[in-house]
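Here are some notes to read with the model open beside you.

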Amino acid sequence: MSDERSIKAFLELPLMPLREIVMFPRLVMPLFVGRLPSIKAVELAQSTYGKTLILVAQRNANAETPLSEDLSPVGVVSRVLQLLRLPDDTIKVLFEGLFRAQWQNLRDAETCPVARIVRLTETISKNDELPALMRAVHESLEEFGKINKKIPQETLLSMQSLQVPGILADAVMPHLKADYQKKQEVLELLDVRERLERAYELLQGEIDMASVEKRIKNRVKVQMERNQREYYLNEQIKAINKEMGKEEDPQAEMGELEQKLKGRNLSREAREKGLEELKKLRSMPPSAAEYTVVRNYIDWILDLPWNDLKQIDIDIERARATLDGDHYGLEKPKERILEYLAVQKLSQGLKGPILCFVGPPGVGKTSLAKSVARATGRDFVRLSLGGVRDEAEIRGHRRTYVGSMPGKILQSLKRVKFNNPLFCLDEVDKMTADYRGDPASALLEVLDPEQNNAFMDHYLDIEYDLSKIFFITTANSLHSIPAPLIDRMEIIELSSYLETEKRHIAKNFLLPRQIEEHGLQKRNIRVSENALLEIIRSYTREAGVRNLEREIAALCRKTAIRLVEENNLEKRVAITKSCLQNFLGVKKYRHEEREDSPKVGVCAGLAYNQRGGEILLVETSLMSGSGHVVITGQLGEVMTESAKAALSYVRSRADLLGLDPRFHRKVDIHVHVPSGATPKDGPSAGITLATSITSALLGIPVRNDVAMTGEISLRGRVLPIGGLREKLLAARRSGIKRVIMPADNEKDLQEVPDEVLKDLELVFVEHVDEVLPQALNADNDEIFSGQAAAVTPLWHSLRQGAGAVKTHTAQ
C-alpha cells in the first residue's frame with residue numbers, strides 16, 4: 001500500500017511502449033530495452049519518478065516511434081526492480097507489474113514520452129458463478145501443468161493457491177501462448193468474472209492445442225524413431241556390405257533402376273514389365289535365389305536399344321564410293337544395295353530389307369556386308385550361325401531354366417546403342433536341326449518383314465521390334481537352306497572372281513595391305529603382273545582371294561628377311577614369274593592344257609566349280625568286245641547319265657555317220673575323264689562326250705584348239721548351261737581359239753568382260769549335228785558319209801507290213 005500511495009503522488013509517469021508483449025499486475029518479467037526513447041523513459045523513472053513508469057502495448061508492433069493512436073489505452077504501472085547495462089548499448093530491466101491504469105495527455109518530456117495516469121478499479125458481477133469458475137480454472141491449471149512441462153511446479157502450486165478471481169486471471173494469462181492482442185483484451189477487462197472467464201477460455205484452448213501438439217509430437221517422434229531406426233539399420237547394412245566387399249546400397253540401387261526404367265525410351269509393354277519386376281525385386285532379400293534372376297531380367301530390359309534409332313544420312317554418291325573403294329567387281333550386289341538406299345531416302349519409311357549373299361568362300365560376302373554398314377552409316381553386328389543346332393540359340397531360353405539368357409539376336413543387339421544396325425547372319429546354310437529344335441525355322445520370324453516387328457524372345461517374353469534392322473545373310477549354297485527361309489530373302493549371287501579380277505584385287509588391295517602389315521615400304525618390293533598371274537594360276541585354286549593373300553604375305557616375309565639379313569632397309573626386291581619358285585617353292589597346282597595336236601577320241605570340254613572354270617579332257621577308247629560300255633573318272637550320277645545319252649545319240653545316228661548299225665555289238669567302249677581322284681558331275685559335258693565317242697568311232701581326230709560345253713538330249717539338241725563366264729576364262733587361259741556353246745547362252749555374254757572374250761571365236765549351236773563339223777578335223781562329207789543311206793528310219797522295219805506302210809518324213 002505504501003508503494004501505491006507513493007505512486008499516487010505522481011499524476012504523470014514516463015510511458016514505455018511494448019512490442020507484442022503485454023504486462024499484467026503482480027507479474028515480474030525481464031525485458032530487453034533497446035529503443036532510445038524507452039531507455040530514456042527507464043532512466044527518467046529511476047531518477048525522478050521513484051523507479052515507476054507505465055508499460056503500454058503497441059497496437060501496431062511495426063511502429064518504431066509510436067504515436068498516441070498506435071498505443072493501447074490501458075497499461076500497467078510497473079516498478080523497475082533491477083537494471084543491467086549491456087555492451088551493445090541496450091539494457092536488461094526486471095519489471096514488476098503493480099496495477100492497471102489508463103493513460104491520458106501523452107507528451108514528450110526530456111526525450112521520452114510522459115502521460116497522465118488514472119488507476120482503474122475492478123468490478124465484480126454474478127458472484128454466485130465465481131466459485132465454480134474458480135474451481136474449473138484450478139482443475140484446468142492442474143491439467144495444463146501435466147501437459148506443459150515448461151511451467152515450474154512451484155508456479156503451478158502458487159497459482160492454484162490463489163483464491164482472488166482477478167489476481168488468478170492476471171496470474172494465468174502470462175503463461176498462455178495466446179496472441180498479444182487477446183492478452184490486451186483480457187487486461188482491459190475490469191469485470192473480474194468476465195476476465196476470469198476469458199482467461200479460462202484461453203486456458204482451455206491452450207490445453208486442447210497442447211493435446212493436439214502432444215499427439216503430433218508423439219507421432220512425429222515415432223516416425224523419427226522409425227526413420228532413425230531405418231537409418232541406423234541401413235548404415236549397419238552398408239557397413240556389413242562394405243565388409244563383404246559389396247559397396248553398393250541395395251535400396252539406393254532399386255531407386256536408380258526405377259529412374260532408369262522411367263527415363264529410357266522403352267516400349268510401353270517393356271516399361272510396365274520392368275516396373276512390375278522391380279516391385280517384385282524390392283520385396284526380395286538379396287540372398288534369395290530368385291533375386292539374381294529378376295535383377296538380370298531388369299538389366300536386360302535396360303541394356304537393349306528398343307526405340308533408340310540412329311539418324312541415317314543417306315548419300316548415294318558417298319555410298320557408291322565406299323562400296324567401290326572396298327570391293328572390286330560385284331556390280332549386281334552393289335547396284336541392289338544402292339537401289340535400296342535410294343528408295344529409303346525417298347520413302348523415309350521402308351522396312352529393313354533382307355538380302356542373302358550366296359557364293360563360294362572367300363569372295364567377300366561378309367566384308368561386303370561390313371562395307372554396306374559403312375556406306376549406310378549403320379552400326380555393324382555379326383552373328384555366325386555355323387554349327388547352331390538349338391532353336392533356343394535364336395529365341396532364347398525361358399526364365400524357368402537355370403542360367404537362362406535371351407537368344408543370339410538380342411544378345412548381339414545389346415552390344416549396339418541403336419535398334420537399326422546392319423545385322424549380318426553369317427553362314428546361314430550351316431545350321432543343323434536335332435531334337436532341340438530347328439534354328440532355321442526360328443529364323444522365319446526374324447527374317448519376315450511382316451512379322452519381325454513383334455519378335456518374341458522366350459526369355460524377355462515381350463514383343464521386340466526388329467523391322468528397322470537391315471538384315472544380310474550369307475551362305476555358300478542354297479541347297480541346305482529350307483525353302484520357306486529362302487522365300488523370305490532376296491537372293492544375290494556372288495560368283496567366283498575371274499583371273500583378271502583377282503589380279504586387279506591383288507595389285508590394288510592385297511599387296512599394299514600386306515606391305516603395310518609387314519612393316520615394309522612400297523619401294524622395298526615389286527611384283528610383276530606376270531608373277532601375280534602365275535601365283536593365281538599355279539599357287540592357288542579358289543573362288544575367292546584368301547589363299548592369294550597368304551601367298552602374297554609369304555612374298556612379303558621373304559622380302560623382310562632379306563632386308564634384315566643384309567641390313568639394308570632401302571633394298572628393293574623384284575619378283576618376276578621366272579624367280580617365283582625361289583620365293584614360293586614348286587607349283588602347287590596345274591591346269592589342264594589343250595593337246596599339242598588333234599587326237600582321235602580326245603575332246604576338250606569346259607567345266608565349272610566354285611573355284612572357277614577348268615578345261616576337262618574326255619577320252620574315248622575302242623576295244624574288240626561284245627558291246628560293254630565302261631565309264632570311269634569318278635563321275636557323278638548326272639554326268640554318267642549324260643554319257644549314256646551321248647552314246648544313245650551316236651547309235652541313233654549310226655546310219656548318218658556311216659557306221660555299222662550293229663557296231664555296239666562288236667566293240668567295247670571305254671569313256672574316261674582324267675583327274676580320276678576329283679569328283680565330277682553335271683550335264684554340261686554332254687556334247688563333249690558325244691564328240692569324243694563320235695571321233696573314236698569314226699577315227700577322225702578332234703581339233704586341239706576347240707573346246708565345248710552344253711547339255712545333250714536324246715534327240716541331239718544342245719541345251720543351255722551355267723558358269724559361262726568362268727568357262728570362257730578357262731578356255732582363254734588354256735590357249736583355246738574356238739568355243740562351241742549352246743545358242744541359248746548367247747544372251748549371257750553381256751555378263752562376260754570384254755577382256756575374257758578377246759581372241760576367242762564363239763560358235764553357237766542348237767544341235768549336235770552342228771557341233772561335229774566345227775570340232776572334228778574333217779569336212780562335212782567325211783563326217784556324215786552315210787547320209788544317203790539314212791533315209792528309212794528304224795521304226796519302219798519294225799512295223800507289220802512294212803512294205804505297205806507309207807514313209808513319213810519330217811517336213
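1. A word on terms before we start. Helices (H or I, at least four residues) and strands (E, at least two) are DSSP runs, numbered from the N terminus. Please keep in mind that this is a predicted model, in which local features need pLDDT of at least 70 and side-chain atom pairs count only at pLDDT 80 or more, while totals for chains, interfaces and linings use all residues. Residues are numbered from 1 along each chain as its sequence is written, and side-chain values use heavy atoms, with hydrogens and water left out.

2. The overall picture. The protein chain contains 28 helices and 26 strands. Its radius of gyration (taken over C-alpha atoms) is 57 Å, whereas a compact globule of 811 residues would come out near 28 Å by the rule of 2.2 Å times the number of residues to the power 0.38. The C-alpha trace spans about 175 × 80 × 50 Å along its principal axes. Of the 811 residues, 46% are buried; buried means under 20% relative accessible area, exposed over 50%, and partly exposed in between (1.4 Å probe, protein chains only). The areas themselves come from the Shrake-Rupley method.

3. The negative patch. Which residues gather in a patch of negative charge on the surface? They are Glu 139, Glu 142, Glu 143 and Asp 208. Helix H3 (residues 130-147) gives the largest share of the patch, three residues. Glu 142 lies in H3 and counts as partly exposed because its relative accessibility is 45%. To be in a patch, a residue needs over 30% relative accessible area and no salt bridge; like charges are joined within 9 Å, and nonpolar side chains (Val, Leu, Ile, Met, Phe, Trp, Tyr) within 5 Å. Asp and Glu count as negative and Lys and Arg as positive, with His and the chain ends not counted. The place of a charge is NZ of Lys, CZ of Arg, CG of Asp or CD of Glu.

4. Salt bridges, with one across the sequence. Side chains of opposite charge can pair when their charged atoms come close. The structure holds 48 salt bridges, each a side-chain nitrogen of Lys or Arg within 4 Å of a carboxyl oxygen of Asp or Glu. One of them joins Asp 170 and Arg 26 at 3.3 Å, N to O. This pair links distant parts of the chain, 144 residues apart: Asp 170 is in helix H5 (residues 165-172), and Arg 26 is in the loop between strand E1 (12-18) and strand E2 (28-33). Asp 170 is buried, at 1% relative accessibility, while Arg 26 is partly exposed at 42%.

5. A salt bridge within one helix. Lys 262 and Glu 258 pair at 3.1 Å, N to O. Both are in helix H8 (residues 250-263), and because they are four residues apart there, about one helical turn separates them. Lys 262 is partly exposed at 49% relative accessibility, and so is Glu 258, at 22%.

6. Lys 587 forms a salt bridge with Glu 534, with the closest N and O atoms 3.1 Å apart. The partners are 53 residues apart: Lys 587 is in the loop between helix H21 (580-584) and strand E16 (599-600), and Glu 534 is in helix H19 (residues 529-539). Lys 587 is partly exposed, with a relative accessible area of 46%, whereas Glu 534 is buried at 9%. Elsewhere, salt bridges that share partners join Arg 26, Arg 100, Glu 122, Asp 170 and Arg 195 into one network.

7. Positive phi angles. Most residues other than glycine have a negative phi. Lys 51, not a glycine, has a positive phi of about 65° and sits in the loop between helix H2 (36-47) and strand E3 (52-57). Asn 567 is not a glycine either, yet has a positive phi of about 55°; its loop lies between helix H20 (546-566) and strand E15 (573-575). Lys 51 is partly exposed at 38%, and Asn 567 is exposed at 67%.

8. A covered helix. How many of the ten residues of helix H25 (residues 724-733) are buried? Nine are, leaving the helix mostly covered; among them are Leu 724, Arg 725 and Glu 726. Gly 735, with a positive phi near 85°, follows H25.

How values were computed: Accessible areas come from the Shrake-Rupley method with a 1.4 Å probe; for residues, only the protein chains shown count as cover.
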